Amino acid sequence: MREPSVHQLRLLLAVAEELHFGRAAARVFISQPAFSQQIRALEQRLGVPLVERGGGTVRLTPAGRAIAVEAKAVVEAMARLVQVSDAHAGAIRGTLRVGSLGAEAAMPYAAAVLSRLREQHPHLEVEVHNLNFIQQFDALAHGEVDAAFLRGPLPSGFQSRQLAVEPRVVCLPADDPLAGEEKLTLAQLADRVVVDMPREVPRQWWDHLTVNPRPDGTPVRYGPVVRDTEAMVLAVLQARAITFLPAAARRLYPRPGLVYVDVPELGNSVSFLAWLPANRDLPAVRALREAARSTDRSPRDLSE
């Protein structure tokens, strides 16, 4: 058989662009000896030398330059063929970048969504990017991730699907006089210093979560500034402060010297899968949305 493989043609295009065997091999993630062997095999199949070697330089022969033009057309045509077949088969390829505020992607509802996505689209590569409090909204707004698992309230301009609702609790030092209570009120916590967010975090978001001002109009006294949840619970220990977290923190952030107590007035923490309206119908984002819908027993799509 004289017909070369598409893989061999891709290698020829790599060396035609790099004019260096080492760089070309690294570009396609194979060793240089294996790369050279494949080029020689291609030359043997076609019966013509394609590459001039020697003197530390690499050049294509006249035949190599002419064949590289045709090779590019074949590789592009094969890519189109795969796209058409994928479209008819419902397959999605490429990379989906999913943001996660802290441990959100590890929560059971988010893990179920990602598992379903991988089952339905095994050729889609999913990258999970951990986001801190500063990055959580900016990464999505600026296109650094395609979608994200976040906690509400969400800024305007995002579309979303609600995934879960759970109570919120207060995180206290274990030796705080209130730490032994079964339930607390905001009035009982009025004189406690609350962990704060950097100025880059939307103030409205954090004021909502810390109930600032309190129902009686009293402003919250803020203290140490943190960028992520791990730093937040450490600040409670080290700075004698308090913070409010979803009830799942009892399981995710158990630390010696910390206590979590129910505060019914705090209301619930709501988890969302969020995306930009412009990305809504991108194949990978649509597949993620469909996975979220199919794993939700009581769907609540807030995207419209």
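Reader: Which residues does Asp 196 touch, not counting residues up to four places away in sequence?

Author: Some conventions come first. This is a predicted model, in which local features need pLDDT of at least 70 and side-chain atom pairs count only at pLDDT 80 or more, while totals for chains, interfaces and linings use all residues. Residues are numbered from 1 along each chain as its sequence is written, and side-chain values use heavy atoms, with hydrogens and water left out. Contact means heavy atoms within 4.5 Å. Under that rule, and not counting residues up to four places away in sequence, Asp 196 touches Arg 203, Trp 206, Tyr 222, Gly 223, Pro 224, Val 225 and Val 226.

Reader: Is Asp 196 buried or exposed?

Author: Buried means under 20% relative accessible area, exposed over 50%, and partly exposed in between, with a 1.4 Å probe and protein chains only. Asp 196 has 12% relative accessibility and therefore counts as buried.

Reader: In which strand is Asp 196 found, and what is its bridge partner in E8?

Author: Helices (H or I, at least four residues) and strands (E, at least two) are DSSP runs, numbered from the N terminus. Asp 196 is found in strand E7, residues 194-196. Two strands pair if DSSP finds at least two bridges between them. E7 is joined to strand E8 (residues 222-225) by two bridges, and these strands run parallel. Within E8, Val 225 is the bridge partner of Asp 196.

Reader: What unit do E7, helix H7 and E8 make?

Author: A crossover is right-handed if, with the strands pointing away from the viewer, the path from the first strand over the helix to the second runs clockwise. Here E7, helix H7 (residues 203-209) and E8 form a right-handed β-α-β unit. The loop between H7 and E8 holds Pro 213, and a cis peptide bond joins Asn 212 to this proline, with omega about 0 degrees.

Reader: Where else does a cis peptide bond occur, and what is its omega?

Author: Gly 152 and Pro 153 are also joined by a cis peptide bond, with omega about 5 degrees. Pro 153 is placed in the loop between E5 and E6.

Reader: How do strands E5 and E6 pair with E11?

Author: Strand E5 (residues 147-151) runs antiparallel to E11 and is joined to it by four bridges. Arg 151 has Ser 271 as its bridge partner in E11. Strand E6 (residues 159-173) also pairs with E11 in the antiparallel sense, over eight bridges; there, Gln 159 has Trp 275 as its partner in E11. Strand E11 itself spans residues 268-275 and is mostly covered, with seven of its eight residues buried.

Reader: Which residues is Asp 146 in contact with, leaving aside its neighbours within four places in sequence?

Author: Asp 146 is in contact with Thr 95, Leu 96, Arg 97, Leu 140, Trp 275, Asn 279 and Val 285, with its neighbours within four places in sequence left aside. Asp 146 is found in the loop between helix H6 (135-141) and E5. Its relative accessible area is 11%, so Asp 146 is buried.

Reader: How should I read the crossing of helix H1 and helix H3?

Author: Axes are lines fitted to C-alpha atoms, for helices over the stretch in contact, and angles run from 0 to 180 degrees between N-to-C directions. The axes of helix H1 (residues 6-18) and helix H3 (residues 32-46) come within 10 Å and cross at roughly 110 degrees. H1 is therefore roughly perpendicular to H3. The naming is by angle: under 35 degrees counts as roughly parallel, over 145 as roughly antiparallel, 65 to 115 as roughly perpendicular, and the rest as oblique. Residues of H1 including Leu 9, Leu 12 and Val 15 meet residues of H3, among them Phe 35, Ile 39 and Leu 42.

Reader: What is phi of Leu 19, and where does this residue lie?

Author: Leu 19 has a positive phi of about 50 degrees although it is not a glycine. Leu 19 lies in the loop between H1 and helix H2 (21-27). With a relative accessible area of 42%, Leu 19 is partly exposed.
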